[in-house]
Amino acid sequence: MKRQLYLSAGLLAVALGTIGIFLPLLPTVPFMILAAFCFARSSPALEARLMAHPRFGHHLVAWREKGVISRRAKWSATMAFGVSIAISFAAMAMPLSLIPLGVAVICLSWIWRKPEN
């Protein structure tokens, strides 16, 4: 039962990460990191396939081995949060539009404190 839950969560994370490739509001690599975590507990074959992926694999390996985030990924996250904040200010009334800003400040402060490779 636990294995199926991890497998389902991993597949959902891959789906959300794939959507994140096309939408600036959803991050891609964090969902792939979550998927690798879930697959490690449910499907070693899917985990190996994800870790060997030509686009995301090196990010996942760097995160798993050293806990690092590339400078390019940090700037990409910063830009995506900027777009999200701009959309929220345009689409939502105050004070609700401050929620994405608060989330961005918390998340980006964590991201920018992580070491780089």
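Q: In which helix is Ile21 found?
A: Ile21 is found in helix α1, which covers residues 2-22. Keep in mind that this is a predicted model.

Q: Is Ile21 buried, partly exposed or exposed?
A: Buried means under 20% relative accessible area, and exposed means over 50%. Ile21 has 46% relative accessibility, so Ile21 counts as partly exposed.

Q: Which residues does Ile21 contact, leaving aside neighbours within four places in sequence?
A: Ile21 is in contact with Thr28 and Phe56, once those neighbours are left aside. Look also at Arg55. Ile21 and Arg55 are 34 residues apart along the chain, yet their C-alpha atoms are separated by 11 Å.

Q: What share of the residues counts as buried?
A: The protein chain has 117 residues, and 28% of them count as buried. Now take contacts between residues at least 6 apart in sequence: 57% of these join residues at least 24 apart.

Q: How do I describe two packed helices?
A: Two packed helices are described by the angle between their axes and by the distance between those axes. Angles over 145 degrees count as roughly antiparallel. The crossing of α2 past α3 is left-handed.

Q: Which residues of α2 and α3 meet?
A: From α2 come Met32, Ala35, Ala36, Phe39, Ala40 and Ser42. From α3 come Pro44, Leu46, Glu47, Leu50 and Met51. Sorted by class, this contact of α2 with α3 has nine nonpolar, one polar and one charged residues.

Q: At what angle do α2 and α4 cross?
A: The axes of α2 and α4 cross at roughly 70° and come within 10 Å. That makes α2 roughly perpendicular to α4. This crossing of α2 and α4 is right-handed. On the α2 side, the contact is made by Val29, Met32, Ile33, Ala36, Phe37 and Ala40. On the α4 side, His59, Leu60, Trp63 and Arg64 take part. The contact of α2 with α4 has eight nonpolar, one polar and one charged residues.

Q: Which residues are buried in α4?
A: In helix α4 (residues 57-66), Gly57, Leu60 and Ala62 are buried. What covers the buried residues of α4 includes α2 and α3.

Q: Which residues make up the largest nonpolar core?
A: The largest nonpolar core has nine residues: Ala13, Met32, Ala35, Ala36, Phe39, Leu50, Met51, Phe56 and Leu60. The elements giving two or more residues to this core are α2 (29-42) and α3 (44-51). The largest share, four residues, comes from α2. A second, separate core has six residues, including Ile69, Ala77, Ala104 and Ile111.

Q: What does Met51 touch, not counting residues up to four places away in sequence?
A: Met51 touches Ala36, Gly57, Leu60, Val61 and Arg64.

Q: How do α5 and α6 cross?
A: Helix α5 covers residues 71-91, and helix α6 covers residues 98-113. Their axes come within 9 Å and cross at roughly 170°. That makes α5 roughly antiparallel to α6. Among the contact residues are Trp75, Phe81 and Phe89 of α5, and Leu101, Cys107 and Trp112 of α6. The residues of this contact divide into 14 nonpolar, two polar and one charged.

Q: Where is Ser97, and is Ser97 buried or exposed?
A: Ser97 is in the loop between α5 and α6. At 1% relative accessibility, Ser97 counts as buried. Neighbours within four places aside, Ser97 is in contact with Ser88, Phe89 and Met92.

Q: Where should I look at the backbone?
A: Most residues other than glycine have a negative phi, and most peptide bonds are trans. Just after α4, Gly67 takes a positive phi of about 70°. Met94 and Pro95 are joined by a cis peptide bond, with omega about 0°. Pro95 lies in the loop between α5 and α6.

Methods
Residues numbered from 1 in each chain as written. Predicted model: local features only at pLDDT ≥ 70, side-chain atom pairs only at ≥ 80, totals over all residues. Heavy atoms only, no water. Axes fitted to C-alpha atoms, helices over the stretch in contact; angles between N-to-C directions. Parallel < 35°, antiparallel > 145°, perpendicular 65-115°, else oblique. Contact = heavy atoms within 4.5 Å. Nonpolar A, V, L, I, M, F, W, Y, C, P; charged D, E, K, R; others polar. Core = buried A, V, L, I, M, F, W, Y, C linked by side-chain atoms within 4.5 Å. Buried < 20%, exposed > 50% of the residue type's maximum accessible area, 1.4 Å probe, protein only. Left-handed = near helix turned anticlockwise from the far one by under 90°.
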